[in-house]
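Here's a quick briefing to read with the sequence and the 3D view open side by side. Take it one topic at a time and click along as you go.

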Amino acid sequence: MKWFRYVLMMFVCLPLVSQAALVDKTNPYTMMDQVSQKTFSRLKSEQGLIQQNPERLRTVVQQELLPYINTRYAAYKVLGPQLKKTTAQQRNDFVAAFTDYLVASYAQVLTQYTDQDIEIESPKSIPADRSVVSVRVDIVDSKRPPIRLDFKLRKNKKTGEWQGFDMVAEGVSMISTKQSEWSGQLRNQGIDAVTQDLKRLAAKPIRREPENND
């Protein structure tokens, strides 16, 4: 699914990367607006270094992206009904491997970053009892038609801070896609086999790729 790979690149490079201390995480709209501006600035300023050494993106993602992603919640959503069949150790191992896989995946698609612009949905009132919010982002790229994305964020009830965990593009959820992709292996081979596959995928080197215009 080439379009989904492109959209995944948008998910990584636009809304959820920055210095945690400078971003207001108590409002999902404010957070995405602040972070998107800082993201563009950093990616543009470091393009020379990144082109020389794409592996640098792995560190950037680890330091700047992960504070804004609830990787454990996302991993559990991917496991779906199989979660109940796992031990605590298996779950921890899967979350660790899933996190490394996300870091590698995001770093790889970030090699395709060029100079996209975005339009973020205007802030809306959020009911006090709501714990999940979708924020619309329109991606404007001179080489492609505009793309609408809906980013799903979840509120931590203890801290009051929001974190991303999913993205919906063209009606397709990233979490649902991965759940579907791995469900058969989880049923037939178990969580340990999927964990090992994720480790293998995460270990692949980050390489620059030609721009995909499809």
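Thr99 counts as buried, because its relative accessibility is 13% and the cut-off for buried is under 20%. You'll find Thr99 in helix α6, which covers residues 88-110. Leaving aside residues up to four places away in sequence, Thr99 touches Leu66 and Thr71. Keep in mind that this is a predicted model.

**The chain as a whole**

- The protein chain has eight helices and five strands.
- Reading from the N terminus, the order of elements is α-α-α-α-α-α-β-β-β-β-β-α-α.
- How much of the chain is buried? Of its 214 residues, 48% count as buried.
- Take the contacts in the protein chain with a separation of 6 or more: 64% of them come from residues 24 or more positions apart.
- The accessible surface of the protein chain is about 11,000 Å², and 47% of that belongs to carbon and sulfur atoms.

**Helix α7, end to end**

- Where does α7 bend? Look at Trp182, where the helix bends by about 45°.
- Trp182 is also one of the buried residues of α7, along with Met174, Ile175, Thr177, Lys178, Gln185 and Leu186.
- At the N-terminal end, the cap on α7 is Ser173, with a side-chain oxygen 3.2 Å from the backbone nitrogen of Ile175.
- Just past the other end of α7 comes Gly190, with a positive phi of about 95°.

**Salt bridges: a link across the sequence**

- The structure holds eight salt bridges, and one of them pairs Lys25 with Glu161, with the closest N and O atoms 3.5 Å apart.
- Lys25 sits in the loop between α1 (2-13) and α2 (28-45), and Glu161 in the loop between β3 (144-155) and β4 (162-169), so this pair ties together parts that are 136 residues apart in sequence.

**Salt bridges: Arg136 with Asp138**

- The side chains of Arg136 and Asp138 also meet in a salt bridge, at 3.2 Å from N to O.
- Arg136 is partly exposed, with a relative accessible area of 31%, whereas Asp138 counts as buried at 18% relative accessibility.

- Asp197 forms a salt bridge with Arg200, and here the closest N and O atoms are 3.8 Å apart.
- Both Asp197 and Arg200 belong to helix α8 (residues 191-202), and they lie three residues apart, about one turn of the helix.
- An α-helix has 3.6 residues a turn, so residues three or four places apart point the same way.
- Asp197 is partly exposed, with a relative accessible area of 27%, and Arg200 is partly exposed too, with a relative accessible area of 47%.

Key: Residues are numbered from 1 along each chain as its sequence is written. This is a predicted model: local features need pLDDT of at least 70, side-chain atom pairs count only at pLDDT 80 or more; totals for chains, interfaces and linings use all residues. Side-chain values use heavy atoms; hydrogens and water are left out. Helices (H or I, at least four residues) and strands (E, at least two) are DSSP runs, numbered from the N terminus. Buried means under 20% relative accessible area, exposed over 50%, partly exposed in between (1.4 Å probe, protein chains only). Contact means heavy atoms within 4.5 Å. Accessible areas come from the Shrake-Rupley method with a 1.4 Å probe; for residues, only the protein chains shown count as cover. The bend at a residue is the angle between axes fitted to the seven residues ending there and the seven starting there. A polar contact is a pair of N or O atoms within 3.5 Å; within protein, one must be able to donate a hydrogen and the other to accept it, and residues adjacent in sequence count only if both atoms are side-chain atoms. A salt bridge is a side-chain nitrogen of Lys or Arg within 4 Å of a carboxyl oxygen of Asp or Glu.
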